[in-house]
Amino acid sequence: MRRRSLLLLAGLLLAPLARADDGVPYIELRYRDSTLHQANLADTGHAHTLRLQLGYLWTPLPDFSAYTEGTKVLSLFGRQYNDTTGKRTPYPAEPDPPSTEVSNAWVGYANDIVGIRAGRQYLNLDDRRFFSANLWRQNPQSFDGITGYVKPDSSTTIGWGWIDQVNRTVGADFPDIEQRRWKLDGKLLHVDQALPLGSLTAYAYFVKNLTLAADSVRTEGLRWIGNAPIGQTRLSWTLEGAHQQDYANNPAHFSLPYHLVELSYGLPAISARAGEELLGGNGRNAFNTAYGSGHSFDGWVGVFSIPPHGLRDRYGGLLGQLPWQGLSWQVTQHDFQPASGDGRRYGSETDVGLLANLDAHLNLELQYGDYRADSFTVNQRKLWLMVEYRYGKQPS
């Protein structure tokens, strides 16, 4: 009832704004060709999917805005992949089922001191590990609720939010309604403080999941990011530590650590990067990232829901930029191990990526991931080729 009331309020406010003249459209078309190999399946998967997003941003008065957006995902040329609906199980999984949904519908006020936004919206906090729109998936993840910020001075930002529902990346037409959306009672607090070197972030997230109690968690942490020039080169770093425990109606009892340490050094054309991410586990429960990004962490192949003994991901690689067509590239090697207990390795993965920005609207991207399982699961390889066209700008 609270969610319906919130969206009804957003709709009522959007109606008069639709008559304003100073609107900005947003159009996105993203075609993705996925080739999927999994050692224990005879058939190679081929997923040809298209995402169409149409949005419109109104700014009828200074500092006031409203945005609506629809997303449609199509499966082209047959469906030779497991889209996780249970209809194509002999094939490897690529969880991008067809769907049509309202992915944004919000109204907001924002200036240099204070801002507030109410309705359906994307949440992308910090590196998106804990809260993310998950835009890698063809169906994005959105949240229904109210968010805002206050800037008491030029170096401090206090963000807050209350979320009532998460609309998940399986899409609005997924057969299992309890996987489409989860009812929540979530309170979010996020404080950013600028420092002489970089910025320090403190956060506390209290999320009660009324649909799946096992995803009710309390997470608190600190994050420091920064960079410093060293001659012609640059050193960048991220240091983060967090703690998570069961919350509200969660039937389990756990207290788990998290840390991320990452360093990069070099020139824009080529830099080296190395790091370690640890998500704790006690043998029964693992650190929960149910509301955050998956593809950007723990390898692109997407093997891991965090195992009960947790996950330690040690990684290193090279990345850089070339002047031709704004080309950026990266190569990363991952080594996966449990965070505690069980001593076996979880395997390794090599990821290779290329991104070419052909002009202001069009880009091409290639991503390849090769996961070697050891004794944990089975070998998997995935290759993605993407063409994306954008007109206008999606509000952040």
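**Stop 1: the largest cavity**

Begin with the lining of the largest cavity, whose residues divide into 7 nonpolar, 4 polar and no charged. In these classes, Ala, Val, Leu, Ile, Met, Phe, Trp, Tyr, Cys and Pro count as nonpolar, Asp, Glu, Lys and Arg as charged, and the others, Gly among them, as polar. Select Phe130, Phe131, Tyr205, Val207, Val217, Thr219, Gln244, Asn288, Thr289, Ala290 and Tyr291 to show this lining. Strand S9 (199-209) and strand S10 (217-230) are the elements that give two or more residues to the lining of the largest cavity. The space inside the largest cavity is about 80 Å³.

Some terms before you move on. On a 1 Å grid over the protein atoms alone, a cavity is a set of points where a 1.4 Å probe fits but cannot get out; a pocket is an open set with protein on both sides within 12 Å along at least five of seven lines; lining residues have an atom within 4 Å of a point. Grid points are joined across faces, edges and corners, and a volume is the space filled by probe spheres set on the points. Strands (E, at least two residues) are DSSP runs, numbered from the N terminus.

This is a predicted model: local features need pLDDT of at least 70, side-chain atom pairs count only at pLDDT 80 or more, and totals for chains, interfaces and linings use all residues. Residues are numbered from 1 along each chain as its sequence is written, and side-chain values use heavy atoms, with hydrogens and water left out.

**Stop 2: the second largest cavity**

How many cavities of 30 Å³ or more does a search of the whole structure find? There are 3. For the second largest cavity, select Leu125, Asp126, Asp127, Arg129, Phe130, Phe131, Tyr203, Tyr205 and Glu240. The volume here is about 50 Å³. The lining of the second largest cavity has 5 nonpolar, no polar and 4 charged residues.

**Stop 3: the second largest pocket**

Next, select Arg168, Gly294, Gly302, Phe304 and Ser305. Of the 47 residues that line the second largest pocket, these lie nearest its centre. The pocket holds about 1,300 Å³ of space. Its lining has 20 nonpolar, 19 polar and 8 charged residues. Which element gives the largest share of this lining? Strand S18 (residues 380-391) does, with 3 residues.

**Stop 4**

Colour strand S3 (residues 64-80) and strand S4 (residues 99-110). They run antiparallel, joined by 10 bridges. Strands count as paired if DSSP finds at least two bridges between them. Find tyrosine 67, which stands opposite tryptophan 106 in S4.

Valine 107 stands opposite alanine 118 in S5. The two strands form a hairpin with 3 residues between them.

**Stop 5**

Select strand S13 (residues 271-279) and strand S14 (residues 311-322). 9 bridges join this antiparallel pair. Glutamate 277 has aspartate 313 in S14 as its bridge partner.

Look for glutamine 321 opposite serine 328 in S15. S14 and S15 make a hairpin with 4 residues between the strands, where glutamine 325 takes a positive phi near 50 degrees.

**Stop 6: two aspartates with positive phi**

Most residues other than glycine have a negative phi. Select aspartate 63, in the loop between strand S2 (45-61) and S3. Its phi is positive, about 80 degrees. Aspartate 63 is partly exposed, with a relative accessible area of 38%. The scale runs as follows: buried is under 20% relative accessible area, exposed over 50%, partly exposed in between (1.4 Å probe, protein chains only).

Jump to aspartate 374, in the loop between strand S17 (362-372) and S18. Here phi is near 55 degrees, again positive. Aspartate 374 is partly exposed, at 47% relative accessibility.

**Stop 7: glycine 347**

Leaving aside neighbours within four places in sequence, glycine 347 is in contact (heavy atoms within 4.5 Å) with Asp335, Phe336, Tyr371, Arg372, Ala373 and Asp374.

**Last stop: confidence**

Colour by pLDDT, the predictor's confidence in each residue, from 0 to 100. The protein averages 92, and 94% of the residues score at least 70. Over residues 1-21 the pLDDT is below 50, and this stretch has 31 contacts in the model beyond near neighbours in sequence. Where pLDDT is low, the predicted coordinates should not be read in detail.
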